[in-house]
Every structure is written in structure tokens, then in C-alpha cells.
Amino acid sequence: MFLALYHSLRALKVPVSLTEWLTLLEGLAKGLHNDSLEDFYYLSRSLLVKDVAYYDAFDQAFAYCFKDGALPDDLATREKILEWLQDPRMPRPFSQEELDRLKALPLDELLRQLEERLRDQKEAHNGGKKWIGSGGTSPYGINGSHPSGISFSAERQGGRAALQAFARRYRNLRHDLTLDVRQIGVALKRLRDLRDSGAEEILDMDATIEKTCRNAGEIDLIFGRERENQVRLLLVMDSGGSMEPYRDLSERLFSAAHGLNHFKDFRAFYFHNCVYENLYTNMETDEFVPTAEVMREYGKNYRLVIVGDAAMSPYELMTPHGTLERYRTSSVTGHEWLRQLSDAFPKRAWLNPLPETYWNQYETVPTVAGLFPMFPLTLEGLGRAVRQLH
Amino acid sequence: MSNLQFHQFRGTEGYVASRALQDVVNVAIALERPLLLKGEPGTGKTLLAHHIAEALDMEIILWNVKSTTKARDGLYTYDTVQRLNDARFGDGDVKDIRHYIKYGPLGRAFASGKRVVLLIDEVDKADIEFPNDLLFELDEMRFHVLETDEWVKADQRPVVIVTSNSEKELPDAFLRRCVFHYIDFPDEAQMRAIIEVHFPDLGVELMGKACKIFFGLREVPGLRKRPSTSELLDWIRVLLASGAKLPEGDVPSLESVPFLGALVKMQEDTETLSRHANRPADVRTAGRRFFS
């Protein structure tokens with residue numbers, strides 16, 4: 001009865017750990033629920049849920065398990081799909097031509113079609129080629145032989161599952177998953193260069209002992225300076241346009257760097273599509289600083305991190321006047337500006353939110369990567385970028 | 001372990017605790033885990049610790065966390081400079097290093113011998129690794145003093161209350177060990193109970209009017225900082241002290257509310273309010289009951 005609550009919470013993506021569950025059992029053993037549903041509700045909520053954002057999900061799961069509430073929508077969908085997939089069949093083989101054709105099916109397309117199927121499918125379909133079912137050549141279901149389909153099973157047989165929907169048991173172990181603010185913060189903390197600075201107010205024990213010995217026991221206190229991180233960080237972010245899907249990610253990076261209180265100095269600028277003669281401090285109000293000034297002011301002393309997909313039209317990078325930006329007057333190409341930036345900042349890195357496997361699909365990405373060491377905007381990529389910046 | 005009974009905290013005369021809050025406090029005490037409190041500023045997170053101490057008749061030890069606070073500071077510091085100075089001028093008992101070990105708040109809570117309430121206030125102000133650095137100490141309720149090679153161990157596990165304003169996200173490992181509660185903003189009935197605790201002689205009429213204006217203010221859209229319980233209490237205190245009257249009628253105008261500055265503290269919000277008050281009557285906003 002109680003385990004149902006645990007599984008419902010997990011299904012609703014509330015991060016409940018086994019430790020917390022055991023704590024709840026300990027509480028129950030001590031009788032803290034006081035034989036009342038209301039007390040049990042507060043007891044379990046305070047031990048299992050650690051963020052007010054999940055209170056709602058908890059209420060849904062609790063109502064489902066103990067008050068005959070309706071199953072929340074996404075959970076209901078999942079149960080329905082799993083029901084269709086009962087009693088699976090073995091895969092039907094593909095011919096080689098069919099395989100080649102199907103491999104070309106991109107993920108977006110797969111997801112779009114899956115949505116359609118979810119809307120239209122009413123019952124189980126096994127051994128077929130269209131519906132969500134088992135043993136068929138349809139891209140959706142389990143035990144299918146589709147080479148790039150979406151699997152709903154944790155055990156991968158048949159084809160190569162492009163997306164293991166609902167069976168993401170190892171999600172938290174993946175090293176390249178997108179980051180939350182805290183993880184970014186921890187990664188950025190590795191970016192440091194400790195040097196002595198500030199007033200002499202920290203007692204240097206070794207020097208004091210040394211000096212005192214030389215003074216034949218007459219105590220002489222030696223004070224040193226505190227070690228402080230000397231890293232100055234300049235964050236330049238692509239904003240709007242093709243970056244819109246990654247805005248959330250960029251914002252998280254910004255708030256992590258901003259809230260860290262770790263760098264000697266931290267500045268952020270924005271650009272659109274490509275860096276030209278101006279860098280914006282505020283995109284909405286068109287406040288900007290000339291890029292040349294930024295290079296003069298911050299070059300050499302600052303570490304430069306650019307965040308952008310670098311996926312632009314080749315003309316935006318290579319053609320003089322190749323942009324729609326309002327204030328463009330000079331005829332210097334975006335590529336030239338990037339080259340100057342790369343000269344001005346010996347310590348630099350480019351973080352790209354696009355998955356690394358997509359980079360070669362855009363002509364401009366390898367060009368930009370030639371100027372800036374490029375890393376994917378994932379935990380692992382960020383770690384590599386930080387090492388590069390040292 | 002604990003011989004204290006469950007259901008021991010029920011709020012105090014000076015603090016109205018909701019059923020949920022009472023329950024989580026008692027759960028935290030019984031399971032001997034830190035209680036993590038979050039909630040809007042001014043909902044009484046810090047105050048709760050004081051009243052738990054009062055209700056359970058325990059001493060309270062405060063640890064106000066600042067951006068420069070290190071986990072070590074909470075345990076102990078070894079005052080080398082004092083010791084060297086004493087050695088030089090022949091003061092004090094220099095031979096015994098214990099004289100120069102000074103316990104921090106956590107250290108005092110462990111060493112006290114009695115069960116105490118330890119309040120770690122605004123834990124999110126410190127470095128992001130700060131809560132992680134305390135995991136061992138809070139789990140085991142003991143720590144090692146390097147200089148004397150001794151362990152300081154709590155005979156009675158303190159009741160640990162941790163408050164956070166969510167400025168930074170707390171690490172999962174820390175969260176897993178906590179009992180968590182989000183203090184909701186009190187509804188009007190609860191608020192009346194709270195006011196009554198603080199001002200038992202407040203007339204029904206003044207109470208009604210004050211609540212109406214207060215909750216009306218909180219409903220004004222676009223406020224950067226909505227007035228909180230503590231500000232309402234301050235405001236009522238000023239009203240009583242000055243003897244000022246609250247305006248009559250169901251829809252008081254903004255200008256007629258005395259000492260508005262006690263409730264609304266940001267210049268920007270004052271402007272939002274006057275814009276809101278001066279806007280033309282509009283059917284779409286007819287649901288907003290105040291300052292029309």
C-alpha cells in the first residue's frame with residue numbers, strides 16, 4: 001500500500017531517495033503518524049519532498065494512493081502504454097534497404113509521430129508497423145526491429161532505441177545530462193587561481209615559528225595575506241533566434257556564475273547571431289559597448305567564455321554587412337570580429353548547447369571552433385572547458 | 001535515545017503554529033533530524049526556533065550564517081594569537097591548549113550536555129559547499145578537535161532548525177537528511193489568530209479593517225516585495241501607538257491609509273501602488289476589491 005506512494009512519486013519525477021523512504025518507515029515504526037491520515041500526510045510530505053515545487057505532485061500521488069483520486073494525466077498515459085505492451089512478441093526482421101531508409105528518420109520526426117499515435121491509438125497493436133506495440137517494425141513500442149525507434153522498455157533488444165522513454169532509470173548517472181544551477185556552480189568553482197591578496201591579517205604559523213626560533217624564543221607574529229581567487233570571467237552569450245530553445249540553459253549558466261561569489265570579477269555581455277562591433281549589456285533596451293573597447297578593457301586579464309550555438313547562415317559570418325542587425329555600419333565580417341576576440345583573449349572557450357554530434361551539420365560551427373576551443377554545454381563539456389581555461 | 005514524548009510542540013502563547021507546522025516540528029524532534037524551513041520572508045521561520053526552545057524549555061543557540069561563514073567556524077577555532085601573546089607576556093595558562101580552543105555555535109550545542117535548540121539561520125547565504133561540509137557533524141553529532149585530538153560528542157542530540165531563503169540551491173545529500181517544511185503564507189483566519197496573540201486588546205473593527213487593507217495590498221499585481229506578517233504586526237503597533245484611524249468604507253483609497261511605509265518599503269512598489277490606484281475603473285479588474 002505504501003510502496004504505491006513511492007512508485008507514484010517516482011513516476012511523477014519527484015526525486016525521492018531510498019534513504020528518505022527508510023526514514024519514513026522509521027517514523028512510522030515510531031508511531032509518528034499517530035494513526036491519522038492527516039498526520040501521515042504531513043509526516044510523509046516533510047520526509048519525502050524537499051522542494052515546494054513538488055508539493056503539487058506529492059498531493060496528486062497521495063490522493064491517488066490513499067483517497068481514490070484520479071491518476072495524473074502523464075502517469076495515466078504511461079500505465080496505458082504499458083498495458084498495450086503486455087504479452088510482447090518477437091521482432092520481425094527488416095531487409096537491408098528498409099534499414100537504411102529508416103535510420104534516416106530524425107528524432108524530431110519520431111517524437112512528432114509518437115505524439116500523433118498517442119492521440120489516436122486506443123488499444124494494443126502487436127506485430128505491426130505503425131502503432132505502439134511489441135515485436136513489429138513500428139518505431140514505437142518494445143522488442144521491435146526498427147533501427148532508430150523509441151523504446152518503452154528498459155531492456156534494449158531489437159533496434160537501437162533513440163530514446164528510452166519512461167525507462168530513464170539511469171538518468172542521474174549520465175554525465176552529459178543538462179545541468180542545474182548548482183551543478184554548474186560546482187563545475188565553475190574549479191576555475192580558480194589562488195594568489196595572495198588583501199591586507200596582512202592571516203597568521204602565518206610556519207613563518208611565525210621560524211622567526212620566533214631565530215629570535216631565541218622571543219615571540220614574533222608574522223601575518224600574511226589571504227589567498228583569493230584571481231580569476232576574472234567574461235561571459236558572452238548568444239541570445240534570441242536559434243538560441244531560443246536553449247535560453248533556459250544559458251540563464252542557468254548565467255545565474256550560476258553570477259551567484260557564485262567566487263570570481264574576482266564577473267561581467268556578462270550578449271550578442272545576436274554573431275559578434276559584431278557591439279556587445280550588448282541589455283538586449284531589450286539596446287544598451288551596448290563597442291566590442292573593441294571590451295577587448296581593450298578585458299583582454300588578457302579575463303577568461304572569455306562564449307555561449308552560443310555558432311549555427312548561423314554562412315553569410316552572417318563571412319559576408320561584409322551580412323546581418324540584419326539595425327546598427328550595423330561597418331563592413332567588417334563577423335568572422336573577423338571573432339578572430340580579433342580570439343587574439344585578444346588567450347584564455348578562452350566556447351560552450352555550445354547543441355549536442356556535439358550535430359556540430360558538423362552546420363558549416364559555421366567548425367569555422368568558429370577553429371578560433372575558439374569548443375565544448376558542449378553539458379556537465380562533462382563544462383569540466384573540459386574549465387580545464388582549457390586554466 | 002530520546003525519552004521525550006511525541007506531540008510535544010503545539011505552538012506557544014506568542015506563536016501560532018499551523019497543524020502541519022506542529023507535526024513537522026514533532027517529526028523532526030522524534031527522528032532527530034534537522035528541520036529545514038523555507039517560506040516567504042516574514043513568515044516566522046527564525047521566530048519558530050525561538051518558540052520551540054521556549055515551548056520545550058530548552059536553551060537556544062544561534063548561528064547566523066553569512067556569505068563568509070565557513071563550516072569550521074561552527075565547530076571551533078583555535079586562538080593561536082592569544083596563546084602566543086600569553087606566552088610572551090606570561091599571562092594565562094599557556095600549557096593547556098584547551099584554554100585556547102573556542103567552540104562555535106555547533107560546538108557549544110554539542111558540548112552543552114543538555115538538549116538544546118540550534119538555529120542555523122539563512123543557511124543559503126554561505127558558500128554552496130557549506131551544507132555539505134556539515135553533513136558528517138550533523139549526522140553523527142560529533143566532531144574532532146585536531147589540536148587536542150579529542151572528540152566533541154553530543155550526549156543529547158540538539159534540535160536543529162535550518163532556515164533558508166532559497167537564494168542558492170541546497171545540495172541533495174543535505175536535503176536527503178532533512179525534514180522539510182514550506183511555511184505557507186497564513187490565510188485570513190490564521191492571520192487573525194496571529195494578530196490576536198500579539199495584540200489581545202485589538203478591537204474587532206480595527207482588526208477587520210487592518211486585515212482587509214493588508215490582504216488587499218498583497219493582491220495588487222506586480223509588487224516586488226509583498227508585505228509580510230512581521231510588517232503587518234509592526235504596522236498595527238504603529239497604528240495603536242499613534243491612535244491613527246483607518247479609513248471608513250469598503251474601498252479605502254491609497255492616500256487615506258496611514259503609515260503605508262510600514263507595509264510597503266520599496267520606492268518601486270509605492271509607484272506601482274499609485275499607478276494601480278489611479279487606473280480607470282475597468283470591468284476586467286473588477287475582481288480586485290481594493291484601491292479602485
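Among contacts in chain A between residues at least 6 apart in sequence, 61% join residues at least 24 apart, two residues being in contact if their C-beta atoms, placed from the backbone, lie within 7 Å. The model is predicted, so that local features need pLDDT of at least 70 and side-chain atom pairs count only at pLDDT 80 or more, while totals for chains, interfaces and linings use all residues. Residues are numbered from 1 along each chain as its sequence is written, and chains are lettered from A in the order in which they are written.

The secondary structure of chain A comprises 15 helices and 13 strands; helices (H or I, at least four residues) and strands (E, at least two) are DSSP runs, numbered from the N terminus. Of the 390 residues in chain A, 33% are buried, that is, have 20 or more other C-beta atoms within 10 Å of their own, with C-beta atoms placed from the backbone.

Helix 1 (residues 2-11) and helix 4 (residues 55-66) of chain A have axes that come within 9 Å and cross at roughly 145°. Axes are lines fitted to C-alpha atoms, for helices over the stretch in contact, and angles run from 0 to 180 degrees between N-to-C directions. On the side of helix 1 of chain A, the contact involves A4(A), L5(A), S8(A) and L9(A), which meet F58(A), A61(A), F62(A), Y64(A) and C65(A) in helix 4 of chain A. These residues divide into 8 nonpolar, 1 polar and no charged (nonpolar: Ala, Val, Leu, Ile, Met, Phe, Trp, Tyr, Cys and Pro; charged: Asp, Glu, Lys and Arg; polar: the others, Gly among them).

In helix 3 of chain A, 9 of the 12 residues are buried, including F40(A), Y42(A) and L43(A). The cover over the buried residues of helix 3 of chain A includes helix 1, helix 2 and helix 4 of chain A, together with helix 1 (19-31) and strand 9 (179-183) of chain B.

The contact between the chains takes 28 residues from chain A and 25 residues from chain B. On the side of chain A, helix 2 (18-29), helix 3 (37-48) and helix 8 (181-189) are the elements that give two or more residues. The residues on this side divide into 13 nonpolar, 9 polar and 6 charged.

In chain B, strand 6 (residues 142-145) and strand 7 (residues 150-153) run antiparallel and are joined by 4 bridges, where pairing requires that DSSP finds at least two bridges between two strands. R142(B) has K153(B) in strand 7 of chain B as its bridge partner. The hairpin of these strands has 4 residues between them, and D149(B) takes a positive phi near 55°.
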